[in-house]
Amino acid sequence: MEEKEIKERIRNGRNFMKFRAEDEYSDFMSDQQLKKPQPPLCKEKSSECVIPLSKDFDALNISKDFTTILMERKSSRVYTQHAMTLLQLSYLLYMTQGVKEIKGENYATMRTVPSGGARHGFETYLIVNHVEGLKAGRYHYLPLTHELEYLGSIEQAEDIIDETLVGQKWAVKANVIFYWSFVAYRCEWRYGIYAHRPALIDAGHVGENLYLACSALGLGTCCLAAFDDHSCNETFKLDGEEEFVVYAAPVGTID
């Protein structure tokens, strides 16, 4: 790559992070302002194989105080491959995307993480390796009902994990790998051309909640920006345009 192109990409990246209220798009109107129909709050299930998840988190016996959870939070890339429980996975899912309340006539969801305009533009997909009570394979989280839907098995799962996470071989020993997709119009409906910067900020909220939830349970995770977009989207049958993977995180049992 030539130096001129490198500088151009850096400049474009910096400009993406900036916001100027007085810029050339100041007369922009979003689809919400134009009174266009609101998109669904979440994707509907696509499988008949649905696994209900418990919210009886008292059974996890979490005794750590918040300061301890924060101080113990760190990235972990070495996993023991001991099985996780389904309740532990349920806790991680709820603490990263769980719905606490629905506002208005299905106008917005109040969740365990903040989101600009309560748009919550993410969907959670999983590759499960070692979770008690679950078959290995691909899953999708249904936050409105706190359920998992089974999307099918994966042949040569280690190869798929290695491919989607661009050769980070340590991740194949994780109990479960989280992949978060972005459903673009869910945020664009309200914010249009301004939707994408706050959406990536929101992704950081989700990732940090996963870290803290793992710390509370004594599990390990390491959120990743290095993944192969096309391979991730293909694995979960996403179109790569209206919905595409933007973040990933292996989670596993640790010493």
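Predicted model: local features only at pLDDT ≥ 70, side-chain atom pairs only at ≥ 80, totals over all residues.
Q: Okay, let me pick glutamate 234. Where is its place?
A: Glutamate 234 is found in helix 7.

Q: Is glutamate 234 buried or exposed?
A: Glutamate 234 counts as exposed, because its relative accessibility is 53% and the cut-off for exposed is over 50%.

Q: Nice. New topic: how many disulfides does the structure hold?
A: Zero disulfides. Take cysteine 42, which is in no disulfide: the nearest cysteine sulfur belongs to cysteine 187 and is 12 Å away. For a disulfide, the two sulfur atoms have to be within 2.5 Å.

Q: Is cysteine 42 buried or exposed?
A: Cysteine 42 is buried, since its relative accessible area is 10%. The limit for buried is under 20%.

Q: Is cysteine 232 buried or exposed?
A: Cysteine 232 counts as buried, because its relative accessibility is 0%.

Q: Let's go to the start of the chain. Which residues make the nonpolar surface patch?
A: Met1, Ile6 and Ile10 make that one, and the patch is about 300 Å².

Q: Where is isoleucine 6, then?
A: Isoleucine 6 is in helix 1, which spans residues 3–17. Its relative accessibility is 36%, so isoleucine 6 counts as partly exposed.

Q: How many residues apart are glutamate 3 and lysine 7?
A: They are four residues apart, which is about one turn of the helix, and both lie in helix 1.

Q: Is glutamate 3 buried or exposed?
A: Glutamate 3 is exposed, because its relative accessible area is 55%.

Q: And how far is glutamate 3 from asparagine 15?
A: Their C-alpha atoms are separated by 18 Å, and the two residues are 12 apart along the chain.

Q: Back to salt bridges. Which residue forms one with arginine 9?
A: Glutamate 5 does, and the closest N and O atoms of that pair are 3.0 Å apart. Arginine 9 and glutamate 5 both lie in helix 1, four residues apart, or about one turn of the helix.

Q: Why does arginine 9 count as exposed?
A: Because arginine 9 has a relative accessible area of 52%. Glutamate 5 is partly exposed, since its value is 36%.

Q: Which residue forms a salt bridge with glutamate 101?
A: Lysine 103, with 3.4 Å between the closest N and O atoms. Glutamate 101 is partly exposed because its relative accessible area is 39%, and lysine 103 is partly exposed because its relative accessible area is 37%.

Q: Last topic, the backbone. What is phi of glutamine 81?
A: Phi of glutamine 81 is near 70 degrees, which is a positive value in a residue other than glycine. Glutamine 81 has its place in the loop between helix 2 (66–72) and helix 3 (86–97). With a relative accessible area of 35%, glutamine 81 is partly exposed.

Q: And what is phi of alanine 118?
A: Near 55 degrees, a positive value in a residue other than glycine.

Q: Where is alanine 118?
A: Alanine 118 is in the loop between strand 3 (108–111) and strand 4 (122–128). Its relative accessibility is 14%, so alanine 118 counts as buried.

Key. Residues numbered from 1 in each chain as written. Heavy atoms only, no water. Helix = DSSP H or I, 4+ residues; strand = E, 2+ residues; numbered from the N terminus. Buried < 20%, exposed > 50% of the residue type's maximum accessible area, 1.4 Å probe, protein only. Patch = residues over 30% accessible without salt bridge, like charges linked within 9 Å, V, L, I, M, F, W, Y side chains within 5 Å. Areas by Shrake-Rupley, 256 points an atom, 1.4 Å probe, with all protein chains shown as cover. Salt bridge = Lys/Arg side-chain N within 4 Å of Asp/Glu carboxyl O.
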